[in-house]
Amino acid sequence: MVRLTADLIWKSPHFFNAIKERELDLRGNKIPVIENLGATEFSVAFINGVELYVLHSRFNDPGFACSIIHQDQFDTIDLSDNEIVKLENMPYLNRLGTLIINNNRITRINPNIGEYLPKLHTLVLINNRLVNLAEIDPLASLPKLHFLSLLDNNITKKPNYRLYVIHKLKSLRVLDFKKVKGKERAEAEHLFASKEVEEEARRESVKTFTPGEVMNVLEVIEEQQAPKVVAPTPDQIIAIKAAIVNSQTLEEVARLEKALNSGQLPADLKILDGTGSNSVKEQDDKMATDNQNEAEPNNLEEQKDNEATPMEQE
């Protein structure tokens, strides 16, 4: 894991994105905790009428008599593909409008997040670990949140998920890349007209089982029924080679060759039931019998020749 340090922030890519916003790219660093994002600020210092731009975290000299205005550097911060568990510990970022945190492990959101991100209008939390409806309640503190995506979170499978989110987030315009319609807004307000109904919806979401929260029972059964893998013995290897020679179909040949090349054979392969060495023995016995049968006519001819020789001498 990598700490989100000021040094990492300064060395990470930053650029103007497709919509001409200044973006900081912190993707794929295995960051577990949000910290030190205050390093994304810079200071505008007016010293003797001269305007200077200084990184906020590095500017700390009380010897200067000047006026300082702290400003954010970035409109968008991308923290996707990390290992962040909690959306918290954010500094005050007055400029930040878009926060992208796809493919993390978010399970908790700071209840006061709106105090630190007053102008956040877009939040993307695709493929995280939000499960219950109550877990998105802190987002109601974001006064200008217009675009939200929670796709690939188990929360999206809860009863009345979409209507609940629309009800809680009054300023929301687009949820999961679908426009919030006036009809949906009216339906949400009607459904959650009382606090009792809202509370019941939260409790119900905790009770409701959704696929993915626990391993699927069918997967467990299939895993238990899956044939165990065992390594072949030398006799079994010989038997498999013999079986390949005697196979009647290409499918059987391919199956046996795959088992032989992998060195690990499924227990349900009939040739591994301890009959491999017997098969070899049977083939050896058959070859010996054939050789004996071929030898018997020669012995009879030799015997006839021996009997005929004395008669010719007389």
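Across the chain, the mean pLDDT of the predicted model is 77, and 65% of the residues reach 70 or more. Residues 51-60 have a pLDDT below 50, although in the model this stretch has 29 contacts beyond near neighbours in sequence. A further segment, residues 308-314, stays under 50 in pLDDT, and for these residues the model has 0 contacts beyond four places in sequence.

An open sheet is formed by 8 strands with mixed pairing, in the order β1-β2-β6-β8-β10-β11-β12-β13. Its edge strands are β1 (residues 14-16) and β13 (residues 178-179), each of which pairs on one side only. Within the sheet, strand β6 (residues 76-78) pairs with β8 in the parallel sense, over 3 bridges. Thr-76 has Thr-98 of β8 as its bridge partner.

Ile-106 is placed in the loop that runs between β8 (98-100) and β9 (108-109). Ile-106 counts as buried because its relative accessibility is 0%, the cut-off for burial being under 20%. When residues up to four places away in sequence are not counted, Ile-106 touches Ile-84, Val-85, Lys-86, Leu-87, Ile-101, Leu-125, Asn-128, Arg-129 and Leu-130. Arg-129 lies 23 residues from Ile-106 along the chain, yet the C-alpha atoms of the two residues are separated by 5.4 Å.

From the UniProt record, an unreviewed entry, comes the feature "domain: U2A'/phosphoprotein 32 family A C-terminal" at residues 158-176. In the model, this span is 42% helix and 11% strand, and its end C-alpha atoms lie 15 Å apart. The buried residues of α3 are Tyr-161, Arg-162, Leu-163, Tyr-164, Val-165, Ile-166, His-167 and Lys-168.

Lys-168, found in helix α3, has a relative accessibility of 19% and therefore counts as buried, given that the cut-off is under 20%. Beyond residues up to four places away in sequence, the contacts of Lys-168 are with Ile-136, Asp-137, Ala-140, Glu-198 and Arg-202.

Methods
Residues numbered from 1 in each chain as written. Predicted model: local features only at pLDDT ≥ 70, side-chain atom pairs only at ≥ 80, totals over all residues. Heavy atoms only, no water. UniProt positions renumbered as here; feature names shortened; annotations may be inferred. Helix = DSSP H or I, 4+ residues; strand = E, 2+ residues; numbered from the N terminus. Buried < 20%, exposed > 50% of the residue type's maximum accessible area, 1.4 Å probe, protein only. pLDDT = per-residue confidence, 0-100. Contact = heavy atoms within 4.5 Å. Pairing = 2+ DSSP bridges.
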